[in-house]
Structures are given as structure tokens and as C-alpha cells.
Amino acid sequence: MADGPWLDRPRLLALHVGEIASFVALVENDGFTAAARDMNLSQAAFSARIIRLERALGVTLVDRSVRRLTLTREGRAFQPLARSLLVMLGAVADSVDAHR
């Protein structure tokens, strides 16, 4: 079995690409309603994705005590990493497709 930093953090294995993509959509759309629409999800399903992501990471990414979208310190730190993860996953898909 391959070794890597995720082996010491089993909760990282619970991360799903859709949840990471939802977080990026949340930031890009500056709110839950527009992001849910962009992802073709109900607002409840979209919110559940963000909550699952927060639980898997063990942090709160979004401050829900204010009306306007506000990322927590952890959310601001995760934002560029989430975008990078999606770009890297896109590159993986492109590479696999090129070798079919």
C-alpha cells in the first residue's frame, strides 16, 4: 500500500471532490443560493456538502453568524488549496483521457 500524509489522517479519506468543488463555487458565487444554483443542487443539499467538508477537515470554513458570506481564517487558508486541488484533478483527468 502506498504511504502518504493521508494515512495518518483518515478523515482526509472522507473528502469528496464534489464537496471541494462546492466550496470553490461558494466562494466564486459569494453565497449559498447562487452557488447551489450553479452546482444544480438544492440549497439544503449544497449546505450539507459544505458541512460534510468542514467535518472531514475538522474546521469551520464559513462564518454562519453573519448574513454576508464570510470565510473563517481556516476557510481563507483552504480557498487557494481547494482551487489548486481541482486544477490538479483536472490535469489528472486530462492525462488519463490522453492515454486511452
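**Close-up views of a predicted helical model**

**View 1. Surroundings of Ala36.** Setting aside neighbours within four places in sequence, Ala36 is in contact (heavy atoms within 4.5 Å) with Leu41, Ser42, Gln43 and Phe46. This is a predicted model: local features need pLDDT of at least 70, side-chain atom pairs count only at pLDDT 80 or more, and totals for chains, interfaces and linings use all residues. Residues are numbered from 1 along each chain as its sequence is written, and side-chain values use heavy atoms, with hydrogens and water left out. Ala36 sits in helix H2, residues 32–38. Helices (H or I, at least four residues) and strands (E, at least two) are DSSP runs, numbered from the N terminus. Ala36 has a relative accessible area of 3%, so Ala36 is buried. Buried means under 20% relative accessible area, exposed over 50%, partly exposed in between (1.4 Å probe, protein chains only). A span of 13 Å separates the C-alpha atoms of Ala36 and Ile20, 16 residues apart along the chain.

**View 2. The largest nonpolar core.** A nonpolar core is a set of buried Ala, Val, Leu, Ile, Met, Phe, Trp, Tyr and Cys residues joined through side-chain atoms within 4.5 Å. The largest one has 19 residues; Phe23, Leu26, Val62 and Phe78 touch the most other members. At least two residues of this core come from each of helix H1 (17–29), H2, helix H3 (43–57) and helix H4 (73–98). H1 gives the largest share, six residues. Not counting residues up to four places away in sequence, Leu26 touches Gly31, Phe32, Ala35, Phe46, Ile50, Val62 and Leu69.

**View 3. Two aromatic pairs.** The whole structure holds two aromatic pairs. Rings of Phe, Tyr and Trp (its six-membered ring) pair if their centres lie within 6.5 Å; planes under 30 degrees apart count as stacked, over 60 as edge-to-face and the rest as tilted. Phe23 and Phe78 make a tilted pair, 5.3 Å centre to centre with 50° between the planes. This pair links distant parts of the chain: Phe23 lies in helix H1 and Phe78 in helix H4, 55 residues apart. Both Phe23 and Phe78 are buried. The ring centres of Phe32 and Phe46 are 5.9 Å apart and their planes meet at 85°, so this pair is edge-to-face. Phe32 in helix H2 and Phe46 in helix H3 are 14 residues apart. Phe32 counts as buried because its relative accessibility is 17%. Phe46 is buried at 0% relative accessible area.

**View 4. Model confidence.** Mean pLDDT (the predictor's confidence in each residue, from 0 to 100) is 90 for the protein chain, and 91% of its residues reach 70 or more. Among the chain's elements, H1 has the highest mean pLDDT (97) and H4 the lowest (94).
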